[in-house]
Amino acid sequence: MKIDKEEIEYIANLSRIRLTEQERELFVHQLSSILSYIEKLNTLDTENVKPMAYTNKVSNVFREDELEPSISLPDVLINAPATKGCFFKVPKVIE
Amino acid sequence: MTYEVVIGLETHAELATITKLFCGCSTKFGVDPNTQVCPVCLGMPGVLPVMNKKAFEYAMKAAVALNCKIDEFTNFDRKSYYYPDLPKNYQISQNYHNLGVDGYMDISVNDAVSRIRIHNVHLEEEAGKLIHPEEVGADYSLVDFNRAGVPLLEIVSYPDMRRVDEVESYMQTLRKILLYTEVSDCKMQEGSLRFEASISLRKKGTDKLGNRVEIKNLNSMKSVLKAIEYEAIRQRDVLDRGETVDRETRLWDEVNEKSARMRSKEESQDYRYFPEPDLLPVLIDEKWLRAIKDTIPELPLVRRQRFIESFALSEYDASLLIDEKILADFFEECVKILNRPKAFCNWITNDLLREVKDRKLDIYHLKIKPKQLAALVEIIEKGTISSTIAKEVFSEMIQTGKDPKTVVEEKKLAQISDEGLIEEIIIKIISSNPDAIEDYKKGKKNALTFLVGQVMKETKGKANPKIVNDLLKEKVGI
Ligand SMILES: [Zn+2]
């Protein structure tokens, strides 16, 4: 399967990363070869095989609805690139 | 050209847990920004979400109440998108194995019942809150993550509605079901209950659905109805011009009462759902499902019908009573004590609701108890107090929680039925109102009403009106 530059640009955009022209070229080749490799799996007959998302046999892990302490405001904001008062500050969002 | 409007609704209801869906942070509303957050709900690296059992069971309960099929296997998926209110850059939701599917809800419009199918009911986490500063030219937004991770129930209907009155009934009925099952407090002003509408038009008599437009930012039930009306007209005009309606998402502008494009289909988001590897699947066995089913109370429409049939109430009265579960419960308690459904219905829907409104009382914490209202109805029937005086007694009871007999004694409100005493008063009134007696003898019937009024005034409304009437007629000589 061949991926084109447009597809690479679309994926980069979804992931919010900026790519250089060289990187785009590089990823066209790399992703195409990865997909071709994965495509081999499609040659297998999986019609009667259920999709499997969990390899672990465990299920139904819950916690009770009980309060636990939250963390302090300075700790909340410590890693934020920008803050204002008790808020995280982000580039303007227009809706 | 006549068109049929095809409407579906997506509803988000905040579940009534005290902690978030995947961590022990509080869900309390209205606290200082970013004070109810932890590494889990802030999406810090290396943390592990653990499902709140109560939230999951509330979602099961709602799915059962909405007649959904509940599969034995359910799991959670990541919905990926970048937005500053979403700390992990994905939302944990359900996509491939929704908790409940193919349900329905019966709604009633002008006493005709119709069935609206429910596509699915699923559980997901809430995002944070964005604040847009009001200062002119501000180039930033602020984020409060207190809401991030709060458990939400999403209920997606099929596009089975055709008119706004159906939409209104759908919203009201759904709200009542969520309140009756106690899975959500449904406070719209706190965002606990939110709706999004999807609308398309098709030519009458055809099956093919037109392009669908989704409307967001609907802050009240009224906005939902207005936005649908606006959108139906907008699409009709587009079609009448021979153009096609664009498949898009629009935002409702509540102030100007119109909508504007938010994003087109081409710009629509690619969520790349995949199973959430941090959470294990949930298996629901028969026993667990049955235990959940057993917690579901009688639902509003069924209860209304039972009230009409068992207590001979009108549709209107029954609807008023079932509107709030707590009132319907109060009513039933009263009837159990004393079999006077109509009287209790009147007291609750008239006097009680008026007092609650005027005095801004909380119906969930009323001081008056069913056995006290029953005692009040009993002493009216016995003739201890008149129905006019009873209103005064009731008002005192609802404010203080006192028994009716106590109020009557304290305020000396007992009805005067002592004929001798009433006679004395009547003689006094007759002698001081000779004109009225003359009028009455000339045939003016309302002169008698005037005299009764004078006696009642003299006794501060406490004289037994029947005795007053009889004695007066006797005295003025008929
Ligand atoms: Zn948390």
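**The zinc site**

What spacing do the donors of the zinc ion follow along the chain? The donors follow the pattern C-x1-C-x12-C-x2-C. The structure discussed here is a predicted model.

The residues that coordinate the zinc ion are B:Cys23, B:Cys25, B:Cys38 and B:Cys41, each through its SG atom, at 2.3 to 2.4 Å. The angles subtended by the four donor atoms are 100 to 115°, and the arrangement is therefore tetrahedral. Four donors count as tetrahedral if all angles lie between 85 and 135 degrees. Two of these cysteines can also be described by their accessibility. B:Cys23 has a relative accessible area of 5% and is buried, and B:Cys25 is buried as well, at 1%. The term buried applies under 20% relative accessible area.

**Aromatic pairs**

A pair of aromatic rings is described by the distance of the centres and the angle of the planes. Over all chains, the structure holds 11 aromatic pairs. In one of them, the ring centres of A:Phe62 and B:Trp288 are 5.9 Å apart and the planes stand at 75°, so this pair is edge-to-face. The pair joins two chains, because A:Phe62 belongs to strand 1 (residues 62-63) of chain A, whereas B:Trp288 belongs to helix 4 (residues 286-293) of chain B. With a relative accessibility of 15%, B:Trp288 counts as buried. A:Phe62 and B:Trp288 also form one aromatic cluster together with B:Phe56.

Another edge-to-face pair consists of B:Tyr271 and B:Tyr273, with 6.1 Å from centre to centre and 65° between the planes. Is B:Tyr271 buried or partly exposed? B:Tyr271 is partly exposed, at a relative accessible area of 22%. B:Tyr273 is likewise partly exposed, and its relative accessible area is 22%.

**Charges over rings**

A:Lys89, from chain A, lies over the face of B:Tyr140, from chain B, at 4.7 Å from the ring centre. Within chain B, the ring of B:Tyr104 has the charged end of B:Arg115 over it, 3.7 Å from the ring centre.

**Domains of chain B**

Into which domains is chain B divided? Domain 1 covers residues 3-291, domain 2 covers 300-410 and domain 3 covers 419-475. The centres of domain 2 and domain 3 of chain B, taken over C-alpha atoms, are separated by 33 Å.

How values were computed: Residues numbered from 1 in each chain as written. Chains lettered and ligands numbered in written order. Predicted model: local features only at pLDDT ≥ 70, side-chain atom pairs only at ≥ 80, totals over all residues. Heavy atoms only, no water. Donors = N, O, S within 2.8 Å, 3.2 Å for Na, K, Ca; no water. Tetrahedral: all angles 85-135°; square planar, octahedral: opposite > 155°, others 65-115°. Buried < 20%, exposed > 50% of the residue type's maximum accessible area, 1.4 Å probe, protein only. Phe/Tyr/Trp six-rings, centres within 6.5 Å; stacked < 30°, edge-to-face > 60°. Helix = DSSP H or I, 4+ residues; strand = E, 2+ residues; numbered from the N terminus. Lys NZ or Arg CZ within 6 Å of the ring centre and 35° of its normal. Domains from an automatic or database assignment.
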